[in-house]
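Biologist: I am new to this structure. Please show it to me, and then let us take it question by question.

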Number of protein chains: 2
Amino acid sequence: MTQMTRRALLAGSAALAASPALASAPIVDTQAPGFYRYKVGDYELTQLSDGAATFPMPDNFVTNVSEDRAIAEAARLYLAPRGEVTVPFNPVLINTGNKLILIDTGYGPNVSPFVGHLPASLAAAGMSPEQIDTVIISHIHPDHTNGLHTKEGALAFPNAEILMPEKDWAFWMSAENAAKADDPVSKAYFANARKTLTDLVDHVGTYGWDKEVAPGVMSIATPGHTPGHTSFAVASGKDRIFVQSDVTNIPAFFLRHPDWHVMYDHDPELAQRTRHRFYDMAAVEKALVVGYHFPFPSLGHVEKNNTGYRLVPANWSTTV
Amino acid sequence: MTQMTRRALLAGSAALAASPALASAPIVDTQAPGFYRYKVGDYELTQLSDGAATFPMPDNFVTNVSEDRAIAEAARLYLAPRGEVTVPFNPVLINTGNKLILIDTGYGPNVSPFVGHLPASLAAAGMSPEQIDTVIISHIHPDHTNGLHTKEGALAFPNAEILMPEKDWAFWMSAENAAKADDPVSKAYFANARKTLTDLVDHVGTYGWDKEVAPGVMSIATPGHTPGHTSFAVASGKDRIFVQSDVTNIPAFFLRHPDWHVMYDHDPELAQRTRHRFYDMAAVEKALVVGYHFPFPSLGHVEKNNTGYRLVPANWSTTV
């Protein structure tokens, strides 16, 4: 900060331009806009960053592996700073040419300064929330659903139909299920669903699996992370990609080690089987996979290796 | 294009807002701004995209491997479209707080619409060419030096000192060496140097190896790609990274296979030895490596494997 203060003191004085030793430009300290465009057939897709959360690795972040092993693995993969974990949040926008379809909405405005950036990323990409025709929710967790509302509690995408996976909608909105929840993670999820989605009961539609939920967007059953957790195939022309949603949390851990369980999985054994089934399919098809928690721009190909899978991040293209 | 025409026809009519079936937003078709910021100690660095060139893989792009093998390897690594190769160009800007230092300048304005974007990326990052204090050239090849001039032939960075590696400056500006060149690649490089750098003869400074070329920026001898080809260590506080320049062209080929020779290497055997030496050092130090031809934002860690090296791309950070 020293150099900014010094520069500010001198700004406007003739000394600034005359002295080559002074700061030429202030330290900026803000990142580039969080959007990235690419084509799938005739469709234009945009990855949108909602931000990322960095926190000390809790000892149960990976529930079936020791904290020491998880921290060592993070270090081996150059994830810094040591002992912390960063989880990014990246919704995807699909422009079919006729429809703007958003899959998942980010954390919304009330959590921390490091998340809730979807509206800013959307604006940087040149679009407004009013233009969105359809919001598809992959599963009912706060980092996917809480962006449905603005800070003032209004609908964040006022002209959009909102589609929820029917199994998740039935599960998380059930007072009976909520009463039965006994672990703190599930309790928090039930409470958040009740608090943030109750006003939408007459507004949302639901969808099943193996359906064309929106033009070119097929729903794929990938339960385990939540009972109704859904992935998608997006197809246009000869191209087809997969939007995995949360088949894994961060790929450095759970894609490389599909038998590791993240603390947020509702049914860890089912989530593990889903990971194998989904990544085996993606690897065989050599399809591009969009991962909500993959590092921005959250695109890659999945390969099988001896112990699990490897993510090959897509190369950034300077054209669309 | 159909949907844009249809939308344009209807724009301004009441029908547009009334009909939910119409395009919500046009296909945009332009990529996000090409800059990415990160910290090295107290320094703020910015990767700046100059664009990328995509061309059919020439049969001598890899001079000591068959075209078929190179094309198969590209496909195995999901580089699309099949049979083509994309080479990105990513200069790096270093803000020490007191000095703005640019390493390499991109292709300049006169080559193609797909390159010469450094000024646009710099503007997107909130900075202007007039603010640059020092331009360090890593080696004298057109994709690194031609951005020294504007379209009109003026100095692109009018207030900057320009520093060239002394061995390259002596080699490429020598009429005697130019007369001896017998291969088309070298002839083109000599011609370009003469054409684009002659007006700078009284303007540039030169630097040697193992010197602090600018504050915190040490020059490292990495010859082979050109006689004076130079890499850099950038250090601030306890942090140190390497700016490799062109120790490899695209890492998918030449970092994975350090014994493959790219057609642009002046002394391929020396370039090969340099690759091993440089990446052995980077792997041992576990240092972040900036690669001019790495996919944007062109940052990663290098690991040894059985047959060569593996690039582990750095995860995009949503904060600086």
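Biologist: Is A:Ser245 buried or exposed?

Modeller: This is a predicted model, so the values are computed from predicted atoms. A:Ser245 belongs to strand S13 of chain A, residues 239-245. A residue needs 20 or more other C-beta atoms within 10 Å to count as buried. A:Ser245 has 29 C-beta neighbours inside 10 Å, so A:Ser245 is buried.

Biologist: What is phi of A:Ser245 near?

Modeller: A:Ser245 is a residue other than glycine. Even so, its phi is positive. The value is near 60°.

Biologist: Over in chain B, where is B:Ser298 found?

Modeller: B:Ser298 is not a glycine, yet it has a positive phi of about 65°. It counts as buried because 26 C-beta neighbours lie inside 10 Å. Its place is in the loop between S14 and S15 of chain B.

Biologist: Which residue is the bridge partner of B:Val290 in S15(B)?

Modeller: Strand S14 of chain B covers residues 289-291, and strand S15 of chain B covers residues 299-304. They run antiparallel, and 2 bridges join them. In S15(B), the partner of B:Val290 is B:Leu299.

Biologist: Which are the edge strands of the open sheet in chain B?

Modeller: The sheet has 7 strands with mixed pairing, in the order S10-S11-S12-S13-S14-S15-S16. An edge strand pairs on one side only.

Biologist: What does the twist average from one strand to the next?

Modeller: Take the open sheet of chain B, which runs in order from S10 to S16. Going from one strand to the next, the twist averages 40°.

Biologist: At about what angle to S15(B) does helix H10 of chain B run?

Modeller: Helix H10 of chain B spans residues 268-285. It lies across S12 (230-236), S13 (239-245), S14, S15 and S16 of chain B. Its angle to S15(B) is about 100°.

Biologist: Which residue does a cis peptide bond join to A:Phe296?

Modeller: Look in the loop between strand S14 (289-291) and strand S15 (299-304) of chain A. A proline is found there. The cis bond has an omega of about 5°, and the residue joined to A:Phe296 is A:Pro297.

Biologist: What is omega for the cis peptide bond that joins B:Ala80 and B:Pro81?

Modeller: B:Pro81 is found in a loop of chain B. That loop is between helix H3 (67-76) and strand S4 (84-89). For the cis bond from B:Ala80 to B:Pro81, omega is about -10°.

Technical notes. Residues are numbered from 1 along each chain as its sequence is written. Chains are lettered from A and ligands numbered from 1 in the order in which they are written. This is a predicted model: local features need pLDDT of at least 70, side-chain atom pairs count only at pLDDT 80 or more; totals for chains, interfaces and linings use all residues. Two strands pair if DSSP finds at least two bridges between them. Helices (H or I, at least four residues) and strands (E, at least two) are DSSP runs, numbered from the N terminus. Axes are lines fitted to C-alpha atoms, for helices over the stretch in contact, and angles run from 0 to 180 degrees between N-to-C directions. Two residues are in contact if their C-beta atoms, placed from the backbone, lie within 7 Å. A residue is buried if 20 or more other C-beta atoms lie within 10 Å of its own, exposed if 12 or fewer, and partly exposed in between; C-beta atoms are placed from the backbone.
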